[in-house]
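Here is a short briefing to read alongside the model. Please keep the sequence and the structure open as you go.

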Amino acid sequence: MRRKPLSTLLFAVAIFLVFAFQLSRKAFFYGGDLPFPSSSALLTSHSANSVAHYALHEAAFPENLAHWSRHVSSILDPIPTVSSLLLPDWEVLLISSIDAPLSSPDSLRGLLCVFQNNDTSPAKFSGSLEFNSPAMFKCLMPESVRRLRPYFQPLLTNSPEKVFSSPMPELIRWTFFAYEALETEDDVVLFVKGVNHRQGSNRPPTGLKCVFGDGDKAVRTAVTSSVQEVFRCRHPNLTVQEDHHQKFKITLEILDGKGRSVLVPSVAYYSPRRRITGGETEAKSTICACTMVYNVGKFLKEWVMYYSKIGVEKFILYDNGSDDEISAVVKELNKEGYNIEIVFWIWPKTQEAGFSHSVEYSKRSCKWMLFMDVDEFIFSPSWLNSLNPSKEMLKSLLPAEKSRVGMVTIMCNDYGPSDRISNPAEGVTQGYNCRRRVEERHKSIVLLEAVDESLLNVIHHFQLRTEFRSRQMRTEEAVVNHYKYQAWPEFRLKFRRRVSAYVLDWTNSGNPTSKDRAPGLGNSAVEPPEWPRKFCEVRDDRLRLLTQRWFGLQTAEGYRMTWQ
(Lines give C-alpha, C1' and ligand atoms only; values in the text may rest on other atoms or scores of the structure.)
Protein backbone atom coordinates (compact mmCIF):
# COMPACT_ATOMS: atom_id res chain seq x y z
CA MET A 1 0.00 0.00 0.00
CA ARG A 2 2.97 2.30 0.55
CA ARG A 3 3.73 2.28 -3.20
CA LYS A 4 0.39 3.68 -4.22
CA PRO A 5 1.23 7.38 -3.59
CA LEU A 6 4.45 6.90 -5.58
CA SER A 7 2.54 5.33 -8.49
CA THR A 8 0.06 8.18 -8.42
CA LEU A 9 2.89 10.70 -8.47
CA LEU A 10 4.60 9.01 -11.41
CA PHE A 11 1.33 8.92 -13.34
CA ALA A 12 0.80 12.64 -12.67
CA VAL A 13 4.33 13.41 -13.87
CA ALA A 14 3.73 11.39 -17.08
CA ILE A 15 0.49 13.30 -17.77
CA PHE A 16 2.31 16.58 -17.20
CA LEU A 17 5.08 15.64 -19.67
CA VAL A 18 2.54 14.72 -22.35
CA PHE A 19 0.71 18.01 -21.80
CA ALA A 20 3.97 20.01 -21.87
CA PHE A 21 5.06 18.29 -25.10
CA GLN A 22 1.78 19.08 -26.86
CA LEU A 23 1.88 22.65 -25.59
CA SER A 24 5.43 23.11 -26.86
CA ARG A 25 4.39 21.83 -30.30
CA LYS A 26 1.60 24.39 -30.49
CA ALA A 27 3.92 27.16 -29.36
CA PHE A 28 6.32 26.15 -32.12
CA PHE A 29 3.77 26.01 -34.94
CA TYR A 30 1.88 29.15 -33.92
CA GLY A 31 4.79 31.41 -33.21
CA GLY A 32 5.23 31.04 -29.47
CA ASP A 33 8.14 32.14 -27.36
CA LEU A 34 10.82 29.93 -28.91
CA PRO A 35 13.82 31.95 -30.10
CA PHE A 36 13.48 32.67 -33.81
CA PRO A 37 15.28 35.39 -35.78
CA SER A 38 14.29 38.92 -34.94
CA SER A 39 11.97 40.91 -37.19
CA SER A 40 14.84 43.30 -37.87
CA ALA A 41 16.87 40.45 -39.34
CA LEU A 42 13.99 39.49 -41.60
CA LEU A 43 13.49 43.10 -42.61
CA THR A 44 17.15 43.44 -43.49
CA SER A 45 16.98 40.38 -45.69
CA HIS A 46 13.97 41.62 -47.63
CA SER A 47 15.37 45.08 -48.15
CA ALA A 48 18.55 43.58 -49.58
CA ASN A 49 17.16 40.87 -51.79
CA SER A 50 13.33 40.83 -51.79
CA VAL A 51 13.61 37.05 -51.45
CA ALA A 52 13.38 35.23 -48.12
CA HIS A 53 14.58 31.67 -47.66
CA TYR A 54 15.58 29.41 -44.82
CA ALA A 55 18.47 27.42 -46.20
CA LEU A 56 21.01 26.44 -43.61
CA HIS A 57 23.91 28.84 -43.39
CA GLU A 58 27.34 28.24 -41.96
CA ALA A 59 27.25 30.02 -38.64
CA ALA A 60 29.89 32.05 -36.91
CA PHE A 61 30.89 31.25 -33.34
CA PRO A 62 32.10 33.12 -30.27
CA GLU A 63 35.79 33.23 -29.48
CA ASN A 64 34.99 31.88 -26.00
CA LEU A 65 33.27 28.71 -27.15
CA ALA A 66 33.30 27.06 -23.72
CA HIS A 67 31.54 30.07 -22.19
CA TRP A 68 28.78 29.92 -24.82
CA SER A 69 28.35 26.18 -24.24
CA ARG A 70 28.14 26.60 -20.46
CA HIS A 71 25.72 29.50 -20.83
CA VAL A 72 23.32 27.53 -23.02
CA SER A 73 23.50 24.28 -21.11
CA SER A 74 23.09 25.98 -17.75
CA ILE A 75 19.75 27.38 -18.89
CA LEU A 76 18.55 24.60 -21.19
CA ASP A 77 19.51 21.01 -20.47
CA PRO A 78 18.47 19.08 -22.42
CA ILE A 79 18.58 21.57 -25.30
CA PRO A 80 15.08 21.84 -26.84
CA THR A 81 14.84 20.10 -30.22
CA VAL A 82 11.93 20.93 -32.51
CA SER A 83 12.64 18.57 -35.43
CA SER A 84 14.93 15.65 -36.12
CA LEU A 85 15.84 13.75 -39.25
CA LEU A 86 17.42 10.36 -39.91
CA LEU A 87 20.00 10.84 -42.68
CA PRO A 88 21.88 8.21 -44.71
CA ASP A 89 24.69 6.30 -42.98
CA TRP A 90 22.81 6.47 -39.64
CA GLU A 91 23.44 10.16 -39.06
CA VAL A 92 20.79 12.05 -37.08
CA LEU A 93 20.21 15.76 -37.70
CA LEU A 94 18.62 17.72 -34.86
CA ILE A 95 17.13 21.18 -35.33
CA SER A 96 17.16 22.93 -31.98
CA SER A 97 15.22 25.99 -30.80
CA ILE A 98 18.30 27.86 -29.57
CA ASP A 99 20.06 30.60 -31.50
CA ALA A 100 23.42 29.73 -33.01
CA PRO A 101 26.45 31.57 -31.60
CA LEU A 102 27.86 34.56 -33.41
CA SER A 103 31.59 34.39 -34.20
CA SER A 104 34.39 31.65 -34.69
CA PRO A 105 35.66 28.50 -34.05
CA ASP A 106 34.37 25.57 -36.05
CA SER A 107 32.25 23.42 -33.77
CA LEU A 108 30.45 23.33 -30.47
CA ARG A 109 32.02 20.66 -28.29
CA GLY A 110 30.86 18.58 -25.37
CA LEU A 111 27.24 17.89 -26.36
CA LEU A 112 25.75 14.39 -26.52
CA CYS A 113 22.77 12.70 -28.14
CA VAL A 114 20.98 10.42 -25.67
CA PHE A 115 18.97 7.77 -27.53
CA GLN A 116 15.90 5.77 -26.53
CA ASN A 117 17.92 2.96 -24.89
CA ASN A 118 20.13 5.59 -23.13
CA ASP A 119 23.08 4.85 -25.40
CA THR A 120 24.90 8.04 -26.42
CA SER A 121 27.03 9.52 -29.20
CA PRO A 122 28.80 12.91 -29.56
CA ALA A 123 26.80 15.75 -31.12
CA LYS A 124 28.53 18.16 -33.46
CA PHE A 125 27.32 21.61 -34.45
CA SER A 126 26.51 21.56 -38.18
CA GLY A 127 25.13 24.99 -39.07
CA SER A 128 22.10 27.16 -38.50
CA LEU A 129 18.99 28.34 -40.25
CA GLU A 130 19.19 31.65 -42.09
CA PHE A 131 19.34 34.89 -40.06
CA ASN A 132 21.31 33.24 -37.17
CA SER A 133 18.32 31.20 -36.07
CA PRO A 134 17.92 27.62 -34.75
CA ALA A 135 21.20 25.78 -34.37
CA MET A 136 21.68 22.40 -36.09
CA PHE A 137 23.49 19.39 -34.65
CA LYS A 138 24.45 15.97 -36.02
CA CYS A 139 25.23 12.74 -34.21
CA LEU A 140 25.68 9.12 -35.22
CA MET A 141 23.03 6.59 -34.20
CA PRO A 142 24.75 3.87 -32.09
CA GLU A 143 24.68 0.27 -33.31
CA SER A 144 22.52 -0.73 -30.33
CA VAL A 145 19.76 1.67 -31.41
CA ARG A 146 19.66 0.60 -35.06
CA ARG A 147 18.03 -2.70 -34.11
CA LEU A 148 15.11 -0.97 -32.40
CA ARG A 149 11.80 0.09 -33.95
CA PRO A 150 10.59 2.76 -34.22
CA TYR A 151 13.42 5.30 -33.97
CA PHE A 152 12.74 8.17 -31.58
CA GLN A 153 14.27 11.62 -31.48
CA PRO A 154 17.27 11.65 -29.08
CA LEU A 155 17.84 14.15 -26.30
CA LEU A 156 20.52 16.79 -26.92
CA THR A 157 22.46 17.45 -23.73
CA ASN A 158 25.89 18.15 -22.24
CA SER A 159 25.27 15.83 -19.30
CA PRO A 160 26.38 12.19 -19.63
CA GLU A 161 24.04 11.35 -16.73
CA LYS A 162 20.96 12.57 -18.59
CA VAL A 163 18.38 9.81 -19.12
CA PHE A 164 16.13 9.53 -22.18
CA SER A 165 12.53 10.44 -21.36
CA SER A 166 9.26 9.85 -23.15
CA PRO A 167 7.26 10.90 -25.01
CA MET A 168 9.52 11.90 -27.92
CA PRO A 169 8.52 12.12 -31.59
CA GLU A 170 9.74 9.60 -34.14
CA LEU A 171 12.63 10.53 -36.39
CA ILE A 172 11.66 11.82 -39.83
CA ARG A 173 13.16 9.73 -42.67
CA TRP A 174 15.25 11.62 -45.24
CA THR A 175 13.55 9.83 -48.14
CA PHE A 176 10.14 11.48 -47.53
CA PHE A 177 10.03 14.99 -46.08
CA ALA A 178 9.70 18.71 -46.87
CA TYR A 179 13.08 20.30 -46.23
CA GLU A 180 13.23 23.85 -47.56
CA ALA A 181 11.10 26.87 -48.44
CA LEU A 182 11.97 29.99 -50.37
CA GLU A 183 9.69 32.97 -50.84
CA THR A 184 9.61 35.00 -54.04
CA GLU A 185 7.58 38.09 -54.81
CA ASP A 186 5.01 35.95 -56.64
CA ASP A 187 4.82 32.70 -54.66
CA VAL A 188 6.50 30.31 -52.23
CA VAL A 189 8.80 27.57 -53.54
CA LEU A 190 8.73 24.39 -51.45
CA PHE A 191 11.30 21.59 -51.71
CA VAL A 192 10.03 18.08 -50.92
CA LYS A 193 11.71 14.69 -51.26
CA GLY A 194 9.84 11.45 -51.95
CA VAL A 195 6.74 12.74 -53.80
CA ASN A 196 8.03 12.69 -57.40
CA HIS A 197 10.10 9.52 -57.27
CA ARG A 198 11.43 9.22 -60.82
CA GLN A 199 12.90 11.79 -63.14
CA GLY A 200 10.30 12.76 -65.73
CA SER A 201 7.42 11.30 -63.71
CA ASN A 202 5.74 14.05 -61.70
CA ARG A 203 2.56 14.04 -59.63
CA PRO A 204 -0.04 16.51 -61.04
CA PRO A 205 -0.24 19.73 -58.98
CA THR A 206 -4.04 19.42 -58.84
CA GLY A 207 -3.63 16.53 -56.38
CA LEU A 208 -1.50 18.58 -54.00
CA LYS A 209 -1.89 21.44 -51.53
CA CYS A 210 0.66 23.55 -49.68
CA VAL A 211 -0.10 23.73 -45.97
CA PHE A 212 1.10 26.66 -43.85
CA GLY A 213 0.84 26.13 -40.09
CA ASP A 214 -0.72 23.28 -38.17
CA GLY A 215 -4.07 21.95 -37.05
CA ASP A 216 -7.28 23.96 -37.37
CA LYS A 217 -5.38 27.18 -37.99
CA ALA A 218 -3.48 25.83 -41.01
CA VAL A 219 -3.87 27.67 -44.32
CA ARG A 220 -3.93 25.67 -47.55
CA THR A 221 -3.05 27.06 -50.97
CA ALA A 222 -2.92 25.67 -54.49
CA VAL A 223 0.18 24.07 -55.96
CA THR A 224 0.88 25.56 -59.40
CA SER A 225 3.88 23.43 -60.40
CA SER A 226 5.14 19.97 -59.41
CA VAL A 227 8.48 18.98 -60.95
CA GLN A 228 11.21 16.82 -59.40
CA GLU A 229 11.53 18.00 -55.77
CA VAL A 230 10.28 21.52 -56.48
CA PHE A 231 6.70 22.64 -55.76
CA ARG A 232 5.41 26.18 -56.30
CA CYS A 233 2.71 27.34 -53.88
CA ARG A 234 0.41 30.32 -54.02
CA HIS A 235 0.99 32.83 -51.23
CA PRO A 236 -1.06 32.13 -48.10
CA ASN A 237 -1.53 35.87 -47.44
CA LEU A 238 -0.63 35.43 -43.78
CA THR A 239 0.25 38.56 -41.85
CA VAL A 240 1.98 39.18 -38.54
CA GLN A 241 2.45 42.24 -36.40
CA GLU A 242 5.62 44.19 -37.11
CA ASP A 243 6.95 43.72 -33.57
CA HIS A 244 6.47 39.94 -33.65
CA HIS A 245 8.74 37.37 -35.27
CA GLN A 246 6.68 34.43 -36.37
CA LYS A 247 7.26 31.35 -38.46
CA PHE A 248 4.91 28.69 -39.70
CA LYS A 249 5.83 25.16 -40.59
CA ILE A 250 5.14 24.54 -44.27
CA THR A 251 4.53 21.18 -45.89
CA LEU A 252 2.78 19.42 -48.75
CA GLU A 253 -0.57 17.65 -48.57
CA ILE A 254 -1.11 14.75 -50.99
CA LEU A 255 -4.75 14.16 -51.98
CA ASP A 256 -5.88 10.77 -53.29
CA GLY A 257 -9.14 11.98 -54.91
CA LYS A 258 -11.27 9.97 -52.46
CA GLY A 259 -11.37 12.47 -49.65
CA ARG A 260 -8.21 11.14 -48.01
CA SER A 261 -4.91 12.95 -47.68
CA VAL A 262 -1.37 12.58 -46.36
CA LEU A 263 0.72 15.36 -44.85
CA VAL A 264 4.41 15.06 -45.68
CA PRO A 265 6.66 15.30 -42.58
CA SER A 266 8.45 18.64 -42.64
CA VAL A 267 11.41 20.58 -41.27
CA ALA A 268 10.71 23.59 -43.54
CA TYR A 269 9.39 26.96 -42.37
CA TYR A 270 7.74 30.02 -43.83
CA SER A 271 7.63 33.58 -42.51
CA PRO A 272 5.02 36.02 -43.91
CA ARG A 273 6.28 38.83 -46.08
CA ARG A 274 6.95 42.30 -44.75
CA ARG A 275 6.95 44.86 -47.56
CA ILE A 276 9.71 47.44 -47.25
CA THR A 277 10.46 50.33 -49.50
CA GLY A 278 13.86 51.87 -49.99
CA GLY A 279 17.07 50.45 -48.62
CA GLU A 280 20.21 49.40 -50.42
CA THR A 281 20.10 46.57 -52.96
CA GLU A 282 23.02 44.46 -54.06
CA ALA A 283 24.48 45.41 -57.43
CA LYS A 284 23.75 42.70 -60.00
CA SER A 285 26.80 40.77 -61.18
CA THR A 286 27.01 39.87 -64.86
CA ILE A 287 28.39 36.37 -64.22
CA CYS A 288 28.20 34.35 -61.01
CA ALA A 289 29.25 30.76 -60.40
CA CYS A 290 27.27 28.16 -58.46
CA THR A 291 28.37 24.71 -57.39
CA MET A 292 27.53 22.06 -54.79
CA VAL A 293 30.50 21.06 -52.67
CA TYR A 294 31.60 18.50 -50.11
CA ASN A 295 35.08 18.67 -48.54
CA VAL A 296 36.71 20.62 -51.37
CA GLY A 297 38.60 23.13 -49.23
CA LYS A 298 42.00 22.15 -50.63
CA PHE A 299 40.78 22.64 -54.24
CA LEU A 300 38.78 25.84 -53.80
CA LYS A 301 41.48 28.51 -54.09
CA GLU A 302 42.60 27.36 -57.54
CA TRP A 303 39.00 27.30 -58.82
CA VAL A 304 38.01 30.68 -57.37
CA MET A 305 41.20 32.47 -58.40
CA TYR A 306 41.04 31.13 -61.96
CA TYR A 307 37.40 31.99 -62.58
CA SER A 308 37.65 35.35 -60.86
CA LYS A 309 40.45 36.40 -63.21
CA ILE A 310 38.42 35.49 -66.33
CA GLY A 311 35.15 37.15 -65.31
CA VAL A 312 33.18 35.50 -62.47
CA GLU A 313 32.19 38.22 -59.99
CA LYS A 314 30.41 36.20 -57.28
CA PHE A 315 30.59 32.58 -56.10
CA ILE A 316 27.72 30.74 -54.38
CA LEU A 317 28.67 27.42 -52.80
CA TYR A 318 25.96 24.98 -51.74
CA ASP A 319 27.77 23.06 -49.00
CA ASN A 320 26.46 19.50 -48.68
CA GLY A 321 27.72 18.96 -45.14
CA SER A 322 31.49 19.47 -45.40
CA ASP A 323 33.64 18.81 -42.34
CA ASP A 324 36.97 19.99 -43.78
CA GLU A 325 38.59 23.45 -43.78
CA ILE A 326 36.27 24.99 -46.41
CA SER A 327 34.89 27.67 -44.04
CA ALA A 328 38.38 28.90 -43.19
CA VAL A 329 39.38 28.92 -46.88
CA VAL A 330 36.28 30.94 -47.82
CA LYS A 331 36.93 33.39 -44.97
CA GLU A 332 40.50 33.89 -46.17
CA LEU A 333 39.45 34.39 -49.80
CA ASN A 334 36.75 36.89 -48.83
CA LYS A 335 39.35 38.88 -46.87
CA GLU A 336 41.43 38.99 -50.06
CA GLY A 337 38.53 40.63 -51.90
CA TYR A 338 36.73 37.67 -53.50
CA ASN A 339 32.94 37.53 -53.19
CA ILE A 340 31.99 34.05 -51.93
CA GLU A 341 28.82 32.99 -50.15
CA ILE A 342 28.17 29.61 -48.55
CA VAL A 343 24.66 28.18 -48.41
CA PHE A 344 24.85 25.15 -46.14
CA TRP A 345 22.62 22.76 -48.09
CA ILE A 346 22.85 19.73 -45.83
CA TRP A 347 20.01 17.72 -47.41
CA PRO A 348 21.21 14.42 -48.96
CA LYS A 349 20.92 13.68 -52.69
CA THR A 350 19.35 17.03 -53.60
CA GLN A 351 21.73 18.53 -56.17
CA GLU A 352 19.01 19.30 -58.72
CA ALA A 353 16.88 20.93 -56.02
CA GLY A 354 19.86 22.94 -54.78
CA PHE A 355 20.48 24.32 -58.26
CA SER A 356 16.76 25.08 -58.62
CA HIS A 357 16.96 26.95 -55.32
CA SER A 358 19.98 28.90 -56.55
CA VAL A 359 18.06 30.26 -59.56
CA GLU A 360 15.41 31.95 -57.42
CA TYR A 361 17.81 32.84 -54.64
CA SER A 362 20.36 34.48 -56.96
CA LYS A 363 18.37 36.19 -59.69
CA ARG A 364 18.31 39.50 -57.78
CA SER A 365 22.11 39.61 -57.59
CA CYS A 366 23.23 37.68 -60.70
CA LYS A 367 22.36 37.90 -64.40
CA TRP A 368 24.15 34.80 -65.74
CA MET A 369 25.03 31.75 -63.66
CA LEU A 370 27.89 29.38 -64.40
CA PHE A 371 27.01 25.88 -63.14
CA MET A 372 30.37 24.19 -62.81
CA ASP A 373 32.02 21.82 -60.31
CA VAL A 374 35.30 22.70 -58.59
CA ASP A 375 37.18 20.20 -60.79
CA GLU A 376 35.91 21.86 -64.00
CA PHE A 377 37.65 24.75 -65.77
CA ILE A 378 36.39 26.52 -68.90
CA PHE A 379 38.90 27.80 -71.36
CA SER A 380 38.89 28.94 -74.96
CA PRO A 381 41.67 28.04 -77.42
CA SER A 382 41.57 31.71 -78.45
CA TRP A 383 43.07 32.61 -75.05
CA LEU A 384 46.21 30.52 -75.50
CA ASN A 385 48.35 33.45 -76.65
CA SER A 386 47.12 35.83 -73.94
CA LEU A 387 49.89 36.99 -71.62
CA ASN A 388 47.40 37.75 -68.84
CA PRO A 389 43.83 36.76 -68.01
CA SER A 390 41.02 39.28 -68.53
CA LYS A 391 37.67 39.66 -66.78
CA GLU A 392 36.16 40.01 -70.27
CA MET A 393 37.10 36.49 -71.32
CA LEU A 394 33.99 34.69 -70.05
CA LYS A 395 31.76 37.54 -71.20
CA SER A 396 33.09 37.00 -74.73
CA LEU A 397 31.45 33.56 -74.68
CA LEU A 398 27.99 34.98 -73.92
CA PRO A 399 25.46 35.64 -76.69
CA ALA A 400 24.32 39.07 -77.84
CA GLU A 401 21.60 40.70 -75.72
CA LYS A 402 18.81 40.31 -78.29
CA SER A 403 19.66 36.78 -79.46
CA ARG A 404 17.11 35.11 -77.13
CA VAL A 405 19.79 32.57 -76.19
CA GLY A 406 19.14 31.70 -72.56
CA MET A 407 21.78 29.01 -72.05
CA VAL A 408 25.25 28.38 -73.45
CA THR A 409 26.46 24.77 -73.21
CA ILE A 410 30.11 23.71 -73.39
CA MET A 411 31.46 20.18 -73.95
CA CYS A 412 33.85 18.50 -71.50
CA ASN A 413 37.24 16.86 -71.91
CA ASP A 414 37.56 14.27 -69.13
CA TYR A 415 41.09 13.99 -67.68
CA GLY A 416 42.56 10.85 -66.12
CA PRO A 417 45.00 10.36 -63.20
CA SER A 418 47.94 11.22 -65.49
CA ASP A 419 50.34 8.94 -63.55
CA ARG A 420 49.54 10.70 -60.27
CA ILE A 421 49.23 8.66 -57.08
CA SER A 422 48.37 11.60 -54.78
CA ASN A 423 46.76 15.02 -54.99
CA PRO A 424 49.03 17.49 -56.85
CA ALA A 425 49.92 20.33 -54.47
CA GLU A 426 50.35 22.69 -57.42
CA GLY A 427 46.67 22.25 -58.40
CA VAL A 428 44.61 20.10 -60.74
CA THR A 429 45.31 22.26 -63.79
CA GLN A 430 49.03 21.55 -63.30
CA GLY A 431 48.86 17.97 -62.07
CA TYR A 432 46.64 16.32 -64.70
CA ASN A 433 47.41 16.58 -68.40
CA CYS A 434 46.23 13.35 -70.03
CA ARG A 435 42.60 12.92 -71.09
CA ARG A 436 40.14 10.80 -73.02
CA ARG A 437 39.83 11.50 -76.72
CA VAL A 438 36.05 11.90 -77.03
CA GLU A 439 34.26 14.86 -75.47
CA GLU A 440 31.60 13.98 -72.89
CA ARG A 441 28.60 15.67 -71.29
CA HIS A 442 28.26 19.43 -71.38
CA LYS A 443 28.12 22.09 -68.66
CA SER A 444 26.32 25.41 -68.92
CA ILE A 445 26.15 29.15 -68.38
CA VAL A 446 22.50 30.10 -67.81
CA LEU A 447 20.61 33.38 -68.09
CA LEU A 448 18.60 33.24 -64.86
CA GLU A 449 15.59 35.14 -66.18
CA ALA A 450 15.32 32.59 -69.01
CA VAL A 451 14.82 29.57 -66.70
CA ASP A 452 11.38 27.96 -66.85
CA GLU A 453 9.17 28.56 -63.80
CA SER A 454 9.23 24.84 -63.00
CA LEU A 455 13.00 25.22 -62.29
CA LEU A 456 13.50 21.82 -63.95
CA ASN A 457 17.16 20.94 -64.42
CA VAL A 458 19.34 17.95 -65.12
CA ILE A 459 22.18 18.91 -62.77
CA HIS A 460 24.08 21.38 -64.97
CA HIS A 461 21.51 22.57 -67.49
CA PHE A 462 17.96 23.89 -67.25
CA GLN A 463 14.67 23.84 -69.05
CA LEU A 464 14.13 27.30 -70.53
CA ARG A 465 11.04 29.38 -71.03
CA THR A 466 9.54 28.91 -74.49
CA GLU A 467 10.80 32.24 -75.83
CA PHE A 468 14.43 31.30 -75.17
CA ARG A 469 16.75 28.74 -76.77
CA SER A 470 20.11 27.17 -75.94
CA ARG A 471 23.32 27.21 -77.95
CA GLN A 472 26.07 24.59 -77.80
CA MET A 473 29.56 25.95 -78.38
CA ARG A 474 32.01 24.23 -80.67
CA THR A 475 35.16 22.90 -78.99
CA GLU A 476 37.15 25.35 -81.12
CA GLU A 477 35.31 28.15 -79.28
CA ALA A 478 35.42 26.83 -75.71
CA VAL A 479 35.82 23.59 -73.78
CA VAL A 480 35.63 22.46 -70.16
CA ASN A 481 38.65 20.69 -68.72
CA HIS A 482 37.00 18.23 -66.33
CA TYR A 483 39.58 16.72 -63.98
CA LYS A 484 37.23 13.82 -63.33
CA TYR A 485 39.43 10.76 -62.74
CA GLN A 486 41.98 12.03 -60.24
CA ALA A 487 44.59 10.23 -58.17
CA TRP A 488 42.91 7.31 -56.40
CA PRO A 489 42.91 8.76 -52.83
CA GLU A 490 40.79 11.64 -54.16
CA PHE A 491 38.66 9.71 -56.63
CA ARG A 492 37.63 6.99 -54.14
CA LEU A 493 35.75 9.64 -52.10
CA LYS A 494 33.11 9.68 -54.84
CA PHE A 495 31.90 6.34 -53.47
CA ARG A 496 30.60 8.11 -50.35
CA ARG A 497 27.38 9.28 -51.99
CA ARG A 498 26.30 10.77 -55.31
CA VAL A 499 24.64 14.15 -54.73
CA SER A 500 22.07 13.87 -57.53
CA ALA A 501 18.58 12.74 -56.54
CA TYR A 502 18.29 10.61 -59.68
CA VAL A 503 21.79 9.10 -59.92
CA LEU A 504 22.44 5.83 -58.10
CA ASP A 505 25.26 5.70 -55.59
CA TRP A 506 28.22 3.75 -56.95
CA THR A 507 27.86 1.11 -54.24
CA ASN A 508 24.52 0.25 -55.86
CA SER A 509 24.85 -2.33 -58.64
CA GLY A 510 22.02 -0.83 -60.70
CA ASN A 511 22.61 1.04 -63.98
CA PRO A 512 26.26 -0.04 -64.44
CA THR A 513 26.55 1.76 -67.81
CA SER A 514 25.67 5.21 -66.41
CA LYS A 515 27.95 7.97 -67.69
CA ASP A 516 28.24 9.12 -64.09
CA ARG A 517 30.35 6.05 -63.33
CA ALA A 518 33.96 5.44 -64.27
CA PRO A 519 34.07 2.89 -67.10
CA GLY A 520 34.92 -0.58 -65.81
CA LEU A 521 34.76 0.44 -62.15
CA GLY A 522 32.95 -1.91 -59.76
CA ASN A 523 30.75 -1.19 -56.76
CA SER A 524 33.49 -1.03 -54.13
CA ALA A 525 36.08 1.64 -53.41
CA VAL A 526 38.96 -0.66 -54.34
CA GLU A 527 41.68 0.76 -56.57
CA PRO A 528 41.63 -0.98 -59.97
CA PRO A 529 44.90 -2.25 -61.44
CA GLU A 530 46.90 0.37 -63.32
CA TRP A 531 44.62 3.21 -62.14
CA PRO A 532 47.32 5.97 -62.52
CA ARG A 533 47.55 5.23 -66.27
CA LYS A 534 43.84 4.87 -67.02
CA PHE A 535 41.83 7.22 -69.29
CA CYS A 536 44.99 8.57 -70.92
CA GLU A 537 44.47 8.79 -74.68
CA VAL A 538 45.57 12.37 -75.48
CA ARG A 539 48.29 14.46 -73.85
CA ASP A 540 46.81 17.94 -73.56
CA ASP A 541 48.95 20.63 -71.89
CA ARG A 542 47.11 23.69 -73.18
CA LEU A 543 45.48 24.86 -69.96
CA ARG A 544 48.44 23.70 -67.85
CA LEU A 545 50.83 25.95 -69.76
CA LEU A 546 48.33 28.82 -69.89
CA THR A 547 47.75 28.83 -66.13
CA GLN A 548 51.51 28.58 -65.53
CA ARG A 549 51.91 31.80 -67.50
CA TRP A 550 49.03 33.53 -65.69
CA PHE A 551 49.48 32.29 -62.13
CA GLY A 552 53.06 30.97 -61.83
CA LEU A 553 55.46 32.68 -59.41
CA GLN A 554 59.20 32.32 -58.84
CA THR A 555 59.77 32.34 -55.08
CA ALA A 556 62.64 31.66 -52.71
CA GLU A 557 61.20 28.17 -52.21
CA GLY A 558 61.03 27.59 -55.96
CA TYR A 559 58.38 27.85 -58.64
CA ARG A 560 54.85 27.97 -57.19
CA MET A 561 51.32 28.72 -58.31
CA THR A 562 49.42 31.66 -56.81
CA TRP A 563 46.97 29.37 -54.98
CA GLN A 564 49.66 27.28 -53.25
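Over which residues does pLDDT stay under 50, with four contacts beyond four places in sequence in the model? The answer is residues 275–279, where pLDDT is the predictor's confidence in each residue, from 0 to 100, and contact means heavy atoms within 4.5 Å.

This is a predicted model, in which local features need pLDDT of at least 70, side-chain atom pairs count only at pLDDT 80 or more, and totals for chains, interfaces and linings use all residues. Residues are numbered from 1 along each chain as its sequence is written, and side-chain values use heavy atoms, with hydrogens and water left out.

**Confidence**

- The chain has a mean pLDDT of 82, with 76% of its residues reaching 70 or more.
- Residues 102–107 have pLDDT below 50, and this stretch has 21 contacts in the model beyond near neighbours in sequence.

**Nonpolar cores**

- A nonpolar core here is a set of buried Ala, Val, Leu, Ile, Met, Phe, Trp, Tyr and Cys residues joined through side-chain atoms within 4.5 Å; buried means under 20% relative accessible area, exposed over 50%, and partly exposed in between (1.4 Å probe, protein chains only).
- The largest such core has 95 residues, and the members that touch the most others are Leu300, Trp303, Tyr306, Tyr307 and Ile378.
- Helix H5 (residues 297–310) gives this core its largest share, eight residues; helices (H or I, at least four residues) and strands (E, at least two) are DSSP runs, numbered from the N terminus.
- Leaving aside residues up to four places away in sequence, Ile378 touches a set of residues including Tyr306, Tyr307, Ile310, Trp383, Ile445 and Val480.
- Another core, of 20 residues, lies apart from that one, and among its members are Leu208, Cys233, Phe248 and Val264.

**Salt bridges**

- Side chains of opposite charge can pair when their charged atoms come close.
- Counting a side-chain nitrogen of Lys or Arg within 4 Å of a carboxyl oxygen of Asp or Glu as a salt bridge, the model has 27 of them.
- Asp187 and Arg232 form one of these, at 2.7 Å from N to O.
- That pair joins distant parts of the chain, 45 residues apart: Asp187 sits in the loop between strand S10 (177–183) and strand S11 (188–193), and Arg232 in strand S14 (residues 230–233).
- Asp187 is buried at a relative accessible area of 9%, and Arg232 is buried at 5%.
- A network of salt bridges links Asp187, Arg232, Glu360 and Lys363.
- Asp373 and Lys443 also meet in a salt bridge, at 4.0 Å from N to O.
- Here the partners are 70 residues apart, with Asp373 in the loop between strand S21 (366–371) and strand S22 (376–379) and Lys443 in strand S25 (residues 440–447).
- Asp373 counts as buried at 19% relative accessibility, as does Lys443 at 8%.
- Arg435 and Asp540 make a salt bridge at 2.9 Å, N to O.
- This pair spans 105 residues, from Arg435 in strand S24 (residues 434–435) to Asp540 in the loop between strand S28 (538–539) and helix H10 (542–551).
- Arg435 is buried at 10% relative accessibility, and Asp540 is buried at 6%.

**A buried glutamine**

- Gln228 lies in the loop between strand S13 (219–227) and S14, and counts as buried at 3% relative accessibility.
- A polar atom of the Gln228 side chain lies 2.9 Å from the backbone oxygen of Asn457.

Notes. A polar contact is a pair of N or O atoms within 3.5 Å; within protein, one must be able to donate a hydrogen and the other to accept it, and residues adjacent in sequence count only if both atoms are side-chain atoms.
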